Every structure is written in C-alpha cells, then in structure tokens.
Amino acid sequence: MNFWFKFGEKFSPYYNLIILVFAVVTAYIAFSLYQSRRSVENEIFDWEASCDDLSNIDRVDRIFDSYRRINTRYTLFVTMISIFPLLGMLGTVLALLGLDMSNAEAVSSAKENFFGALTSTAWGIIFAIGFKIVNAWLFVDIEDLIQRHLALIKRMRKSGIDESQ
C-alpha cells in the first residue's frame with residue numbers, strides 16, 4: 001500500500017495536465033481528419049467515376065493509401081474519445097490513493113481535498129462528451145467514405161489488383 005500512496009502522491013498534481021494534453025492530441029487528430037475528409041471524398045468520387053481505368057499503378061497506390069489514412073485516423077479518433085473517462089477515473093483513483101488517512105487531522109484534510117481528486121473524472125467526462133459531439137456533427141460521413149473505399153478496393157481485387165502490385 002505504501003507504493004500506491006507514494007505513486008498517487010507524486011502523480012496527483014499532473015493528472016489534469018495529462019488529460020489536457022490528451023485532449024489537445026485528440027483535437028489535432030480531429031482537425032487533420034476534418035481537413036482530409038473533403039479531399040478524400042473528391043478522390044473517391046473521381047475513382048468511382050473512372051473505375052475502369054485501374055491500370056495506373058500510382059492511382060491504385062493512392063486508393064490504398066487514402067483508405068489506410070482515413071480509416072486509421074478515424075479509428076484513432078473514436079478510440080481516444082472512449083479513453084477520456086478512463087483517464088479521468090484513473091486520475092481520481094491515483095489522487096485518492098495519494099491522500100494520507102493515517103490520523104484524524106489527515107482525514108479532515110482528505111475531505112477538503114476530495115473535490116480536487118474528482119476533477120479529473122469531470123474533465124474526462126467533459127472531453128468525452130465534447131468530442132462525441134464533434135464526431136456526430138463533423139464526421140457523420142466518414143463511415144460512408146470508408147465503406148466506399150472498401151467497395152472500390154473489392155472491385156479492384158476482383159480485377160486482380162491488390163496492394164502487393
């Protein structure tokens with residue numbers, strides 16, 4: 001128990017900062033996904049319009065690269081949204097582990113600091129809700145883009161074209 005007490009005591013001043021840094025990284029991924037969404041949609045439209053012209057190796061490589069890029073970013077973004085509440089709970093647990101409960105005076109101090117321990121949970125929930133709204137509002141068509149990519153890749157594979165070529 002002494003290890004967890006010392007770990008929580010050292011970690012507790014930084015848990016809200018870690019959640020904030022994680023939020024900045026998530027926002028960056030969301031921004032890059034938002035920027036690439038329109039260009040990928042235009043590329044898919046062009047590829048679908050001229051699906052018979054798949055003999056160009058560069059074009060085929062761009063289709064596979066575009067799919068990997070958009071799918072990876074979106075999967076990472078959605079995964080990071082679900083991690084926020086967990087980070088918040090982890091910060092709260094570590095902060096509570098760092099509270100000294102050895103005597104009556106320490107217990108009184110712990111009651112006063114209990115609110116501070118819950119702030120990480122609140123930030124985790126706030127960021128998760130915020131990014132879920134961003135996901136629903138801005139990225140409603142990303143799943144459609146991914147499905148259109150997969151349909152195009154399936155047609156290419158039926159024609160005998162795959163990533164190895």
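**Salt bridges and ring pairs: group meeting talk**

By salt bridge I mean a side-chain nitrogen of Lys or Arg within 4 Å of a carboxyl oxygen of Asp or Glu. Before I go on: this is a predicted model, where local features need pLDDT of at least 70, side-chain atom pairs count only at pLDDT 80 or more, and totals for chains, interfaces and linings use all residues. Residues are numbered from 1 along each chain as its sequence is written, and side-chain values use heavy atoms, with hydrogens and water left out.

Back to that pair. Arg 148 and Asp 144 are both in helix 5, 4 residues apart, about one turn of the helix. Helices here are DSSP runs of H or I with at least four residues, numbered from the N terminus. So, buried or exposed? Arg 148 is buried at 18% relative accessible area, while Asp 144 comes out partly exposed at 41%. The cut-offs: buried is under 20% relative accessible area, exposed is over 50%, and partly exposed is in between, with a 1.4 Å probe and protein chains only.

How many salt bridges does a search of the whole structure find? It finds 3. Another one of them is Asp 65 with Arg 68, the closest N and O atoms being 2.4 Å apart. Asp 65 and Arg 68 are 3 residues apart in helix 3, residues 57–97, so about one helical turn separates them. Asp 65 is partly exposed at 38% relative accessibility, and Arg 68 is partly exposed too, at 36%.

Next up is Asp 141. You'll find Asp 141 in the loop between helix 4 (104–138) and helix 5 (142–158). Asp 141 makes a salt bridge with Arg 37, with 3.2 Å between the closest N and O atoms. Arg 37 belongs to helix 2, residues 15–49, so this pair ties together parts that are 104 residues apart in sequence. Those two side chains also make a polar contact at 3.2 Å; that term means a pair of N or O atoms within 3.5 Å, where within protein one must be able to donate a hydrogen and the other to accept it, and residues adjacent in sequence count only if both atoms are side-chain atoms. Asp 141 is buried, at 16% relative accessible area, and Arg 37 is buried as well. Leaving aside residues up to four places away in sequence, Asp 141 touches Arg 37, Arg 38 and Glu 41, contact being heavy atoms within 4.5 Å.

Now the rings. The whole-structure search gives 7 aromatic pairs. Rings of Phe, Tyr and Trp (its six-membered ring) pair if their centres lie within 6.5 Å; planes under 30 degrees apart are stacked, over 60 edge-to-face, and the rest tilted. Phe 77 and Phe 131 are an edge-to-face pair, 6.1 Å centre to centre with 90 degrees between the planes. That pair links distant parts of the chain, with Phe 77 in helix 3 and Phe 131 in helix 4, 54 residues apart. Phe 77 and Phe 131 are both buried. Phe 127 and Phe 131 are stacked, because their ring centres are 6.5 Å apart and their planes are at 25 degrees. Phe 127 and Phe 131 both sit in helix 4, 4 residues apart, about one turn, and Phe 127 is buried, like Phe 131.

Which residues do ring pairs link into a cluster? They are Phe 22, Phe 77, Phe 84, Trp 123, Phe 127, Phe 131 and Phe 139. That's it from me.

Key
Helices (H or I, at least four residues) and strands (E, at least two) are DSSP runs, numbered from the N terminus.
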